[in-house]
Amino acid sequence: MTRDFPEYALERARELANGSATWEPITPRAASTVLLLRETGHGLETYMMCRASTMAFAASAYVFPGGRLDPEDYERGQTLDDEVINLASLSVRMSADPAQTRGLLLCAVRELEEEAGVIVDPHALVLLDHWVTPEWEKLRYDVRFFITHMPEDQIAQPHGTEAVEARWISPSAAIAEADEGKILLMAPTRAALEHLLEHSEIATLVAATDARDIVPRMDRLQIEADGYEHWTIVHDRTGEILERDRPVPPVEATGTP
């Protein structure tokens, strides 16, 4: 399954790239998402949900439980033990101040319970990745991706109306289904799954994740002096190009701005 890159989005991306935009990109909203993980005889599996086709953002896409940061998350985040979560270091890795770091951890816990009915300890969340919705989108999120063990005494199942189905799936199977056009994956979701591919145990994944630099990544169109257009991933805060000649990213929001 693919989603065509609409003309309005390409026009907005070009306006940003060539400096002709007369509008400002929407400020992204902070958000958290959680990859629940379990070990099986065939390797790691993660819990994914297919969003309803009526959703304004990531409609019909396979995603992990998650959502935007609410004001209440800041207050609840003050209960966290700063030493256990290593707040100073984690704030740097999350590109957030300490208050927002605590809030994003509690946001992850709340969204996981609301969307999958699973309760986890916020101190057990491990930062996996950080993505920002491209500037041309009408809805934008600044999303931290976390991983955590699936508690053995709980059952994950979709709650609410945002998901039409949910299942446990291996990262390789999810990527293969996307390549075969059976499911839709947003670029950040696919990147998160790719981090899991080389690991069959959660402990080794956590060790590798802790050793990796994590920066806010965002898709952006670049136009060279000779007119050559190519897609890149940039550091959202600095604009540094991190990857060149990327595939065209799927559009995440539906409709025109």
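In which loop is Ser95 found? In this predicted model, Ser95 sits in the loop between helix H4 (87-93) and helix H5 (98-116). Its backbone deserves a look: Ser95 has a positive phi of about 50° although it is not a glycine. Most residues other than glycine have a negative phi. With a relative accessible area of 27%, Ser95 is partly exposed.

Ser60 can be read alongside it. The phi of Ser60 is near 65°, again a positive value in a residue other than glycine. Ser60 is placed in the loop between strand E2 (43-51) and strand E3 (62-63), and its relative accessible area of 24% makes it partly exposed.

Turning to helix packing, helix H6 (residues 171-179) and helix H7 (residues 187-196) pack at an angle of about 140°, their axes being 8 Å apart. Because of that angle, H6 is oblique to H7; the cut-off for roughly antiparallel is over 145 degrees. The crossing in which H6 passes H7 is left-handed. On the H6 side, the contact is made by Pro171, Ala174, Ile175, Ala178 and Asp179, and these meet Arg190, Leu193, Glu194 and Leu196 of H7.

Charge pairing comes next. Side chains of opposite charge can pair when their charged atoms come close. Across the whole structure, 20 salt bridges are found. One of them joins Glu229 to Arg14, with the closest N and O atoms 2.9 Å apart. Glu229 belongs to strand E9 (residues 229-235) and Arg14 to helix H1 (residues 7-18), so this pair ties together parts that are 215 residues apart in sequence. Glu229 is partly exposed, at 32% relative accessible area, and Arg14 counts as partly exposed at 30%.

A salt bridge also forms between the side chains of Glu162 and Arg51, at 3.5 Å from N to O. Here Glu162 lies in the loop between strand E6 (141-149) and strand E7 (163-169), while Arg51 lies in strand E2, so the parts tied together are 111 residues apart in sequence. Glu162 is partly exposed, with a relative accessible area of 32%, whereas Arg51 is buried, with a value of 13%.

Glu180 and Lys182 form a further salt bridge, their closest N and O atoms being 3.1 Å apart. Glu180 is exposed, with a relative accessible area of 51%, and Lys182 counts as exposed at 56%. Finally, a network of salt bridges links Asp70, Asp73, Arg76, Arg110, Glu111 and Glu114.

Terms used:
Residues numbered from 1 in each chain as written. Predicted model: local features only at pLDDT ≥ 70, side-chain atom pairs only at ≥ 80, totals over all residues. Heavy atoms only, no water. Axes fitted to C-alpha atoms, helices over the stretch in contact; angles between N-to-C directions. Helix = DSSP H or I, 4+ residues; strand = E, 2+ residues; numbered from the N terminus. Parallel < 35°, antiparallel > 145°, perpendicular 65-115°, else oblique. Left-handed = near helix turned anticlockwise from the far one by under 90°. Contact = heavy atoms within 4.5 Å. Buried < 20%, exposed > 50% of the residue type's maximum accessible area, 1.4 Å probe, protein only. Salt bridge = Lys/Arg side-chain N within 4 Å of Asp/Glu carboxyl O.
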